[in-house]
Amino acid sequence: MTAQLTLGPVQYNWAADDWRDFYFKVADEAPVETVFVGEVICSKRAPLYDKYIPDIYERLTDAGKTVVFSTLSEVTTDIDRRQVKKVATSEGFLIEANDVSALYQMEKGPHYIGPLMNCYNEEALEVYAKGGATSICLNPEIPKSGIEALMKTAAPLNVDLEVQVYGRMSLALSARCYHARAHNRTKDSCLFVCDEDPDGMRLDTLEGDKFLTVNGIQTQSHSVLNLVECLDELQEIGVKKFRISPQSKGTFTAIDAFRDVLDGKLSPSEALKLMRDDSVDAPFSNGFYHQMPGYEWHDAVGN
Amino acid sequence: MTQFEKPELVCPAGTPASLRTAVDAGADAVYCGFKGPTNARNFSGLNFTKAELSESVKYAHDRDAIVLAAINSFPTAGRTDLWKNSVDDAVELGLDAVIIADIGMAQYVAREHPDQRLHLSVQAGASSPEAINYYVEQFGVKRVVLPRILTVAEIKRVHDAIDCEIEAFVFGNIGMMAEGRCSLTNYVTGVSTNMDGVCSPASHVEYEPDENENLTTRLGEFAIDCISCGETAGYPTICKGRYDTAIKKNYYAFEEPISLNLTRLLPDLIKAGVTALKIEGRQRSRAYIRSVVSSFREAIDAYAAGDEPDISQLIALTEGGKETEGAFKSKTWR
């Protein structure tokens, strides 16, 4: 298998039409092999765009993309549970599990393990593989040495490892909605205020440093992960799937840039420049990969 | 109030001395970890060597208390041996249960030590009956420590839908993030809560006073709160700091620095099917342990005898002087 680009699920509450148009554009223009679709953050949002799923599924598959449906990450209420069951038991579709409850619901067939599940070590990987997982997207906090060690177990089991290489990182999940809280509401009475922030709500320190991003029950980094300079190394380790996590701005530029770097048409530093010119207003980071604080940026040698 | 079967009181022990203190104060069970990153309270000066744990188990067992080993962080690939050795040691020392968070380590216990009683740590973040049932069916988990995000009514529903015992936190520090799924500390310090067992490591915390004696607390490079003179504050963590957003300034974006205190809800929790009541705080002093454990012992015994317990002492001990019933009472918390 040559190196593949994958597109993670949209994690923000975009207007339903924008959401649909984004996936149409992915189908028509973006050189990604696999597209993950579905609500991973809040079960209340799913009905807002459910009606478009058949259309985008058809458009994406017609364009030759593999479509995988992602399940909810934090499962507490009965609505959450029903949502997971509905997705995880859809017959004939590929599923990405983002919570153990999805593993319980799923048939034992081939499936994906999402980055919001914990797969830190060889034993965990074996459990997932035994259950039918064929592809596992790692949590971005796992450093290079961990990816390398996991690959030694994954390869003989024929399990693909996927690594997020672009986009804000999920740092925490909660049962509480912090978007609602900022608006003096609760999760149940939120009136979907998260739709005001297509890239999440910025959280600054009291000293004015841009710090984190609130996306409903999820807390993300403010910085945007970018491992374009690590692609060669990751491929040497044996990683063949690279995940782009969508933002409202710069996603298509990033997809093209990563594709061109993988194809040897663009140098990582040229790619970085293109991406810096078209991105959400936040610095790039790659600290986790280098076993440093996640927000930090470690320059590639000789760059 | 009608009488009920007394739940197990599960108490924290950061050191052999606090283990003895907890047992003497009336704990039915104590939980503790080995030194190093294999448990979620990997602080310097805390936790047990194998020899210390061996003596401590004997001390507890001689007094009819049981001991649970928390091996509840997530080993990184390439260093699982340390976690496996800890499990082996716990089994060898006759620990009454091991508390596991990592799915791989759960498999290891089930495979290598099928007779060892296995508890699912709160760090596994199993928050739905389906998730819990997965661990029960796959690994023979006997008890789940529930995440601190469920209401009493939801705990009841979970209880009715699962095939194992429930242990619920009733007192102490509560983090706001789903347990086992938070890398905020790592984002700021390079030390991982999941992989290294430390949230907000003291080595990375700084307090910076200004001329008015306001105190900026910093984790790594980032200011996570500013405490004005006269304010009380708990231990600084990212999820209990104050921040600005475009629409709201200087507010606790995640949660206030409050402690969980469910003393008033004890009867409801027990009716909901909770087998064991858990107190947080392996990092706490012996004086604190003595006070909290004996107060809970009295409260449980009083409720069981049909009396109203005095909980004023417990309220005085809560972090920053503020207490909460957290998610347990109502879902408006969310």
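Two exercises with worked solutions follow, on a predicted model.

Residues are numbered from 1 along each chain as its sequence is written, and chains are lettered from A in the order in which they are written. Local features need pLDDT of at least 70 and side-chain atom pairs count only at pLDDT 80 or more, while totals for chains, interfaces and linings use all residues.

**Exercise 1.** Determine how compact chain B is for its 334 residues.

*Solution.* Step 1: chain B holds 12 helices and 15 strands (DSSP runs, H or I of at least four residues and E of at least two, numbered from the N terminus). Step 2: its radius of gyration, taken over C-alpha atoms, is compared with the globule rule, 2.2 Å times the number of residues to the power 0.38. Step 3: the radius is 20 Å, close to the 20 Å of the rule, so chain B is as compact as a globular protein of that length. Step 4: 54% of the residues of chain B are buried (20 or more other C-beta atoms, placed from the backbone, within 10 Å of their own).

**Exercise 2.** State which elements the buried residues of α5(B) pack against.

*Solution.* Step 1: helix α5 of chain B covers residues 129–139, and nine of its 11 residues are buried. Step 2: among them are B:Ile132, B:Tyr135 and B:Phe139. Step 3: in chain A, these buried residues pack against α4 (78–88) and α5. Step 4: in chain B, their partners are α4 (103–112), β5 (118–120), β6 (143–145) and α6 (152–161). Step 5: after α5(B) comes B:Gly140, with a positive phi near 70 degrees.

Methods
A residue is buried if 20 or more other C-beta atoms lie within 10 Å of its own, exposed if 12 or fewer, and partly exposed in between; C-beta atoms are placed from the backbone. Two residues are in contact if their C-beta atoms, placed from the backbone, lie within 7 Å.
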